[in-house]
Amino acid sequence: MDSTVASTGTEGKTWGGGSKPLKASYGKMMMWFFIVSDALTFSGFLAAYGFSRFKFIKEWPIADEVFTHVPFLHGQELPMIYVAFMTFILIMSSVTMVLAVDAGHHMNKAKVTLYMFLTIIGGLIFVGSQAWEWATFIQGDYGAVQTNGGNILQFGEYVTVDGKEKFKRISIDEFAVVEEGVRAQHERKNGLWFVSEESLPPYSVNEIYNGLAANENILVRTQLLNEEGEKTILSREESLKQIKDNGKLVVKGANLRVNEYGTSLFADFFFFITGFHGFHVFSGVVINIIIFFNVILGTYERRGSYEMVEKVGLYWHFVDLVWVFVFTFFYLV
């Protein structure tokens with residue numbers, strides 16, 4: 001019996017079924033599929049953030065009051081300066097990645113090595129900066145009192161700056177009256193048997209109230225925005241009444257339960273979304289390091305193609321683009 005096998009002329013090629021879709025290799029297409037799916041994930045997170053912020057629009061923290069820190073410049077309020085620096089570094093790392101891909105197209109190993117190295121350095125600076133920002137956010141600045149309803153009460157006083165009266169925040173450490181005989185935290189070794197509790201707050205509400213009563217210039221500021229888009233400042237009588245009647249817990253810093261800057265949802269979204277993006281950047285740095293050493297070893301020279309650099313470049317550009325949206329949602333809007 002005579003059997004005939006038809007030949008299409010595409011056997012052995014990456015896309016054996018015919019022409020390459022969009023003239024892209026299999027590896028690039030898979031990277032694009034991943035990027036699209038990951039973009040949908042980030043879109044869902046940012047949409048949830050947007051809906052939550054719209055619902056609590058009058059209680060949302062003001063970014064210019066939250067992100068004011070710069071390393072080695074303690075005590076100075078420089079809103080958004082360090083976040084802008086982080087963004088600049090990440091965008092520049094995207095530029096060096098473009099240069100690395102272009103050098104790969106020209107089979108220039110020396111330039112690919114240089115630009116990949118600069119991209120890795122930029123990624124490490126960004127990840128380190130984000131870790132520092134997390135630590136600062138968790139530690140907190142001034143402290144606040146959480147009410148029975150979950151609202152946040154902050155403290156400050158009016159000062160004159162350049163001939164204008166301005167409300168200046170005051171740390172609870174500056175006026176709290178420490179009481180003697182404060183109980184120790186229950187641990188397994190000194191409390192009930194096999195029972196421990198969460199860390200005690202830095203002060204009790206009564207200590208904050210006594211300090212507020214002793215300093216007539218200090219007022220309470222709520223987390224609610226007024227018609228001018230500023231936090232509502234209470235009168236002296238209302239300040240004392242709010243702390244005495246509604247004060248529940250002294251808060252310092254932010255975590256997944258409490259947030260001294262305002263509604264706890266802000267901290268929840270901040271940790272989750274920026275942490276998820278930071279994980280992507282860290283993963284990209286690890287992948288870039290692997291590709292970097294392969295470039296040094298001449299792996300892609302022997303293959304005759306630097307396509308792997310181009311594929312990891314697509315991922316890196318995607319991470320940079322996502323940060324633009326995260327930066328806009330959390331810090332600018």
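## How helices cross

A crossing is left-handed if the near helix is turned anticlockwise from the far one by less than a right angle, and right-handed if clockwise. The crossing of H3 and H4 is left-handed, and so is that of H1 and H7.

This is a predicted model, in which local features need pLDDT of at least 70 and side-chain atom pairs count only at pLDDT 80 or more, while totals for chains, interfaces and linings use all residues. Residues are numbered from 1 along each chain as its sequence is written, and side-chain values use heavy atoms, leaving out hydrogens and water.

## Two helix pairs

Let's look at the pairs in turn. Helix H3 (residues 81-105) and H4 have axes that come within 8 Å and cross at roughly 160°. H3 is therefore roughly antiparallel to H4 (angles over 145 degrees count as roughly antiparallel).

Helix H1 (residues 26-55) packs with helix H7 (residues 264-296) at an angle of about 165°, their axes 10 Å apart. That makes H1 roughly antiparallel to H7.

## A nonpolar patch

Now for the surface: Phe 85, Leu 114, Phe 117, Leu 118, Ile 121, Leu 124 and Ile 125 make a nonpolar patch of about 570 Å² (patch residues have over 30% relative accessible area and no salt bridge, with nonpolar side chains joined within 5 Å). Helix H4 (residues 109-139) gives the most to this patch, with six residues.

Is Leu 118 buried, partly exposed or exposed? Leu 118, which lies in helix H4, counts as partly exposed because its relative accessibility is 37% (buried means under 20%, exposed over 50%, partly exposed in between).

Definitions and conventions:
Patch = residues over 30% accessible without salt bridge, like charges linked within 9 Å, V, L, I, M, F, W, Y side chains within 5 Å. Areas by Shrake-Rupley, 256 points an atom, 1.4 Å probe, with all protein chains shown as cover. Salt bridge = Lys/Arg side-chain N within 4 Å of Asp/Glu carboxyl O. Helix = DSSP H or I, 4+ residues; strand = E, 2+ residues; numbered from the N terminus. Buried < 20%, exposed > 50% of the residue type's maximum accessible area, 1.4 Å probe, protein only. Axes fitted to C-alpha atoms, helices over the stretch in contact; angles between N-to-C directions. Parallel < 35°, antiparallel > 145°, perpendicular 65-115°, else oblique.
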